[in-house]
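Hi,

Here is the structure I promised to pass on.

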Amino acid sequence: MGVKRRRKRLAALAKGHVLESAVGTGRNLAYYSPDRVSSLTLVDLSRPMLLECRRKWEDMQDDVDKGKGGIRGKVPVRLLVGDLESEDVLDMLGPLPGGLKDGNGTAKSEGGDGDGNGNGIGTNALQEAAVTTSSSSPSSSSSQNLSSSTSLSHSSAPPVPQRFDCIVQTMGLCSASNPIQLLHNLERLVNPSGQILLLEHGRSQYEWLNALLDRTVLGHVRMYGCWWNRDIRGIVERSGLRVERLETSNLGTTYFMVLRPRPESEREVEGDGKRKEEMRRGGLVRRREEDVMDDGPESARGPSGWTSWLGWR
């Protein structure tokens, strides 16, 4: 309940060079302000979802043509297929396709090879998923795929900063393989003075509701790949990120969070040992969840209407 309003509030806080993690089909696209956002980099693991996101972006041109405003054509955008949980996440922003420039104006070389089918596939873990804007018409086969050598919007390709000013993620921790590592990687990607904006869902403060979530989680995971009973507050606390704002709603299952990265010096003091231990813990949580999946009854299914009732979908 009220999730659309919260998405709008979250996107309204974004400014500067913005990275959206787990962008999915692009539900937040229409809510970013062209007066505040300098560039958008949209990342997701799912290529089909990014194709849908790209379609939404193209459809937004209708609003621009009708004088309804909108961000399309005003803010440079890239779509990237990739895993932000990877330990090599910083290297993902290495050589970029298309001769894009980094935040210092230095040209980046084109990276990656073709896949043999006429589709440019980058060698980095992040691969650009872009819209062809050249005058030549793409073939019917290539138009259904994502290319790493073309520009997404009619604007110029976005500059690629060494760090982003703001990172946005909505409903992403529930499906992450290692949510703590994901948060640490987002921390590494954001400027020291930047923000990480989260809209997540998970456990409630009411134990009767948690018991219900636990009892029906297996069916929900099988249907959506979503662990809706995760302890979001505990995950953020264990990550060590600074909580600047925390609001809960929908019986405490929806979390609106504004986070700040830890100072670099503090991360260095903690050292790699603690970070590896946190990564191990996060991996153990995921493995325990997978064990439950293997052992759980096939009939354990949660009512699909809950996701709408609790305002998560």
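This is a predicted model: local features need pLDDT of at least 70, side-chain atom pairs count only at pLDDT 80 or more; totals for chains, interfaces and linings use all residues.

Let's start with strand 7, which covers residues 164-170. Of its 7 residues, 6 are buried, so the strand is largely enclosed by the rest of the structure. Strand 7 has parallel partners to look at. One is strand 1 (residues 16-21), joined to strand 7 by 4 bridges; here leucine 19 sits opposite isoleucine 167. Another is strand 8 (residues 190-201), which pairs with strand 7 through 6 bridges, also in the parallel sense. In that pairing, phenylalanine 164 has valine 190 of strand 8 as its bridge partner. To get from strand 7 to strand 8, the chain passes through helix 3 (residues 179-189), making a right-handed β-α-β crossover.

Next, have a look at arginine 262, in the loop between strand 10 (254-260) and helix 6 (264-295). Is arginine 262 buried or exposed? With a relative accessible area of 7%, it falls under the 20% cut-off and is therefore buried. And what does its side chain touch? The side chain of arginine 262 makes a polar contact with the side chain of glutamate 187, at 2.7 Å.

Finally, on the surface there is a nonpolar patch made of Tyr206, Trp208 and Leu251, which together have about 310 Å² of accessible area. Tyrosine 206 belongs to the loop between strand 8 and helix 4 (207-224), and its relative accessible area of 36% makes it partly exposed.

Best wishes

Notes. Residues are numbered from 1 along each chain as its sequence is written. Side-chain values use heavy atoms; hydrogens and water are left out. Buried means under 20% relative accessible area, exposed over 50%, partly exposed in between (1.4 Å probe, protein chains only). Helices (H or I, at least four residues) and strands (E, at least two) are DSSP runs, numbered from the N terminus. Two strands pair if DSSP finds at least two bridges between them. A crossover is right-handed if, with the strands pointing away from the viewer, the path from the first strand over the helix to the second runs clockwise. A polar contact is a pair of N or O atoms within 3.5 Å; within protein, one must be able to donate a hydrogen and the other to accept it, and residues adjacent in sequence count only if both atoms are side-chain atoms. Patches are made of residues with over 30% relative accessible area and no salt bridge: like charges are joined within 9 Å, nonpolar side chains (Val, Leu, Ile, Met, Phe, Trp, Tyr) within 5 Å. Accessible areas come from the Shrake-Rupley method with a 1.4 Å probe; for residues, only the protein chains shown count as cover. A salt bridge is a side-chain nitrogen of Lys or Arg within 4 Å of a carboxyl oxygen of Asp or Glu.
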